[in-house]
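Subject: Structure handover

Hi,

Here is the structure you asked for.

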Amino acid sequence: MASIGNNLYPPIIDTFMPAFVRTQTCRVYFSLSRYNDIKEIMNAQIIISNQSTNASVLDFVAYPAGIKVSNILIDSERIADDKYYVEINPSDLARNSGFGVNQFYKVQIRFTSTNATSFPSDTNKIASWLSSNESYFSEWSTVCIIKGIEKPQLSIVGFENGLDQEIIFTNQVTSIVGSMYYSANSTLEKEFLKTYQIQIYNSETEEAKPIINSGILYSNPYNPNEINYTLNYQLEEGTQYRVDITYTTNNYYTSTQSYNFIIISYGIDKLNATITALDDLDEGRVKIHILSTKDETFFGNITIRRTSSNSNFQVWEDIYTISIVASEKLDLIWYDYTVESGVWYKYCAQKTNERGDRGPIIQIDSPIMLNLEDSYLSANGKHLKLKFDNQISSFQHTISETKTDTIGSQFPYIRRNGNMNYRQFPITGLITSFCDEQELFTSKDEIYGESKNLYKEYNSEQNISDYRDFIYEKKFRDKVLDFLYEDSVKLFRSTTEGNILVKLMDITLTPNQTLGRMLYSFSANAYEIDESNLVNYNKYNIQLSGEAVSYIEGTFSKIGQLYGEFRKNINIFSIISEKYVESSKTGVINVPQYLSYLKVEFNSKPYLIVDGSNPRPALPNEKSNNLVQGYIMTINGKNVIVKERGFYELRDEGINITSLVFPVDCNVTIDYVYVYTKEEDTRRKVDRVYYTQKVGQLFGTFGIKDLLINKVYSKYFEDTKTYYQKLVSINGINVEANPGVVIYVQDSEDESLFRHVIGETGVLQLYSNDAVIQGFYFGGFHLTEFTGENLEVMDLNNQYIETSIEASGFNEIKNPIPNGVYRIKNYGIHSDKYENPMLFLSSNKGIVKDSVTQKYILLLRQLVNNRFIYFRDKWYVFNDNGDVLCPIDALIDYFCEIEKGEYSAT
């Protein structure tokens with residue numbers, strides 16, 4: 001109890017503290033009386049009790065008096081007066097049980113004056129200290145309620161695994177949908193979501209202001225833990241964003257969850273074209289021209305999008321989608337008839353498909369604006385220009401209001417009823433075909449049909465010019481009347497009134513007597529019936545936006561050639577088909593059909609064939625009366641003999657080859673026309689993509705045939721029903737091998753393979769922040785030439801000697817000199833003692849023919865010159881660099897990036 005000499009006032013504390021995670025420390029904030037200073041206070045005393053029972057919940061062993069004495073802490077980030085706080089730990093409670101689930105506690109605090117004696121460290125002396133220093137304590141504060149809750153967690157669709165990594169979305173993020181939940185005690189915890197706020201920031205700029213801010217949103221009372229917000233802005237592709245979701249529970253626990261993401265249109269490749277927008281003031285429209293930059297046929301859906309200065313160029317909307325299967329390169333012209341006068345527009349285009357996948361956009365260079373010179377009425381694909389005598393005599397906003405006069409009031413009471421608010425105006429104009437020079441409303445072909453030439457000849461014979469063509473003006477007027485009277489919504493556009501969706505009523509016509517009633521004027525009352533926007537333009541058939549076709553198919557053909565060594569019994573048609581497989585990222589698959597043309601020229605020597613109904617290659621030493629010299633190939637399952645000169649061609653109509661096989665190994669040149677269909681890839685769709693960095697290792701014995709990057713690729717490649725995983729890049733390698741080992745490496749910064757020889761340290765490290773490894777291969781072991789005469793002193797691990805001996809084959813060399821280099825003419829002879837890489841260097845089969853590997857093979861092939869070395873009791877190719885093309889023992893550490901994509905549930 002405070003005494004007369006004690007001027008300490010109790011702490012000023014709120015009625016309740018925001019909820020906190022019950023397994024964490026609870027902070028109880030308070031402020032000081034204006035009559036006290038923190039320097040007057042030694043510490044704070046805290047009592048905690050169960051709200052339901054009023055019993056103390058403090059641990060009796062640690063706090064035998066039922067009071068916790070604590071230092072007063074200051075929150076430097078809090079600028080309000082209640083910046084002081086004490087902490088209550090879960091271990092402070094009885095039996096170390098922590099804060100209970102759905103349990104409220106009452107907390108009271110009082111101060112201890114600095115005039116009191118020091119607080120004892122022995123818990124057994126606390127009671128006597130409290131009793132003897134009672135006069136130096138303030139009064140107890142008012143009661144403050146606290147509550148511990150389970151740790152809330154957020155589950156946001158698409159962001160499930162994105163807490164510690166950047167998420168790549170393959171299509172536009174249009175909404176943030178998810179929920180708050182509890183992973184522990186979910187059935188017992190009653191705390192629910194009260195409000196949430198979603199803010200999206202551009203991570204690439206330093207602006208603190210979010211580009212999207214939802215404001216405070218209240219949860220749905222029927223589903224209180226639901227989060228659902230539709231984004232009203234179009235996020236830019238390729239830009240890094242951060243979304244912050246700040247949420248508050250009903251007892252004011254507040255937390256923020258952040259996710260980093262980027263949008264990359266992964267499902268469809270970029271539109272290889274340019275887009276331009278040109279104003280057409282005479283017809284009040286914008287011409288959009290999309291022209292391919294590549295001389296290739298186009299296949300797929302194209303969506304044209306538009307944004308305007310009305311949204312500060314932030315909201316992009318689909319304005320037109322078209323499906324194209326072109327036999328020529330893309331050359332699309334489309335007109336926008338819904339532009340509003342005085343508004344700036346930007347246009348872009350991208351590939352799309354029916355599932356919602358979108359490719360990267362192409363965009364016009366600068367915004368475009370039209371200042372309309374005439375008025376226009378548009379509906380159902382027709383556009384009527386009101387060029388002459390167009391007048392609007394009045395313009396009125398119609399709202400529902402009532403005026404009430406009362407005896408007791410000098411002024412009337414005016415009340416607005418309902419939400420009625422629409423525009424109406426009278427409109428007049430002259431009907432004449434001279435308003436339709438470009439025939440955007442109708443044409444003589446449409447009006448006259450097959451009789452057009454009859455009318456044209458009649459006018460010519462009667463010398464009737466367009467200015468005196470009463471017949472055509474009458475028929476044109478009839479078309480206009482049908483347009484004006486039809487029960488449809490029309491888009492009215494003018495510079496002074498803007499864009500208004502109207503229906504016309506009270507339509508009347510007045511003939512022009514001066515011109516002999518050849519021309520009529522019309523008048524009508526226009527009534528606004530809906531908001532003017534792209535959605536309604538499509539709804540009322542003013543300008544249809546179109547839609548992506550769910551399935552597109554087109555037939556195409558390719559002229560190509562294959563040449564080289566081909567193994568027996570391999571279907572060449574399958575090899576050709578693999579050349580034209582479309583990447584899965586394009587959203588298009590190529591389906592093989594057949595070869596419509598085939599020309600085969602054999603480069604290898606002819607062989608003996610047993611002729612007959614089913615010709616076949618002759619067996620060794622086979623004798624038959626039907627032996628002929630030539631070649632065999634199997635076309636669509638039927639054996640065909642090619643004469644000795646080795647030339648065969650199929651070029652007639654109706655050629656349909658789906659199988660081409662050679663029964664023996666041969667070297668041929670194949671010219672063909674490959675027919676295939678392009679189809680939209682309706683297989684699995686990638687929803688999200690994640691990238692992770694990994695460290696891996698390869699070790700063992702490697703030969704020159706080993707494509708090491710393919711080994712790493714195979715190690716990480718997975719493709720299941722729910723996800724795929726693959727290697728994106730190798731960012732660096734660390735090779736440990738014997739000094740003298742040769743390794744060829746190409747990275748993304750160079751176009752050439754570089755040869756490296758491992759030095760005395762036995763380690764080669766290749767890493768760059770700006771490049772990735774595109775290919776690496778072991779090229780054998782490097783030796784230097786021994787020029788001495790005493791072979792006994794030659795270092796067999798590092799040196800070789802030129803013998804200058806030539807031989808027809810290995811069998812001629814009976815006692816080869818260790819590390820001796822020989823020239824062997826017939827190196828095609830296979831031997832168990834001979835490691836033959838020649839087939840690998842010359843064959844087109846059995847390897848991945850990427851550009852780097854082809855470069856590697858070509859480089860080794862140029863260095864091979866019929867030279868062989870007897871190295872470590874085996875024959876190996878010895879190239880002009882002094883390298884033995886032998887297997888290598890090595891350990892390779894690599895740093896790589898892995899891509900993992902999740903397929904949609906559908």
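E749 sits in the loop that runs between β45 (741-747) and β46 (754-757). Strands here are DSSP runs of E with at least two residues, helices are runs of H or I with at least four, and both are numbered from the N terminus. E749 is partly exposed, at 48% relative accessible area. For burial, the cut-offs are under 20% relative accessible area for buried and over 50% for exposed, with partly exposed in between (1.4 Å probe, protein chains only). The areas come from the Shrake-Rupley method with a 1.4 Å probe, and for residues only the protein chains shown count as cover.

E749 belongs to a surface patch of negative charge, together with D750, E751 and D770. Patch members have over 30% relative accessible area and no salt bridge; like charges are joined within 9 Å, and nonpolar side chains (Val, Leu, Ile, Met, Phe, Trp, Tyr) within 5 Å. Asp and Glu count as negative, Lys and Arg as positive, while His and the chain ends are not counted. Each charge is placed at NZ of Lys, CZ of Arg, CG of Asp or CD of Glu.

Before you read on, two points on the source. This is a predicted model: local features need pLDDT of at least 70, side-chain atom pairs count only at pLDDT 80 or more, and totals for chains, interfaces and linings use all residues. Residues are numbered from 1 along each chain as its sequence is written, and side-chain values use heavy atoms, with hydrogens and water left out.

Salt bridges

How many salt bridges does a search of the whole structure find? The count is 28. The criterion is a side-chain nitrogen of Lys or Arg within 4 Å of a carboxyl oxygen of Asp or Glu. Side chains of opposite charge can pair when their charged atoms come close.

- D82 pairs with R78, at 3.3 Å from N to O. D82 is buried at 18% relative accessibility. R78 is partly exposed at 31%.
- D466 pairs with K444, and their closest N and O atoms are 3.9 Å apart. This pair links distant parts of the chain, 22 residues apart: D466 is in the loop between α3 (452-461) and α4 (470-485), and K444 is in helix α2 (residues 444-448). D466 is partly exposed at 47%, and K444 is partly exposed at 26%.
- R651 pairs with E649, at 3.3 Å from N to O. R651 is exposed at 60%. E649 is partly exposed at 28%.
- E283, K385, K387 and E437 form one network, joined by salt bridges that share partners.

Cysteines

The whole-structure search finds zero disulfides, a disulfide being a pair of cysteine sulfur atoms within 2.5 Å. For C26, the nearest cysteine sulfur is that of C144, 7.8 Å away. Is C26 buried or exposed? C26 is buried, at 1% relative accessible area. C666 is also buried, at 4%.

Backbone

Most residues other than glycine have a negative phi. N185 is not a glycine, yet has a positive phi of about 50°. N185 lies in the loop between β11 (175-182) and β12 (193-202) and is partly exposed at 31%. D873, also not a glycine, has a positive phi of about 65°. D873 is in the loop between β53 (867-871) and β54 (874-877) and is exposed at 60%.

Best wishes
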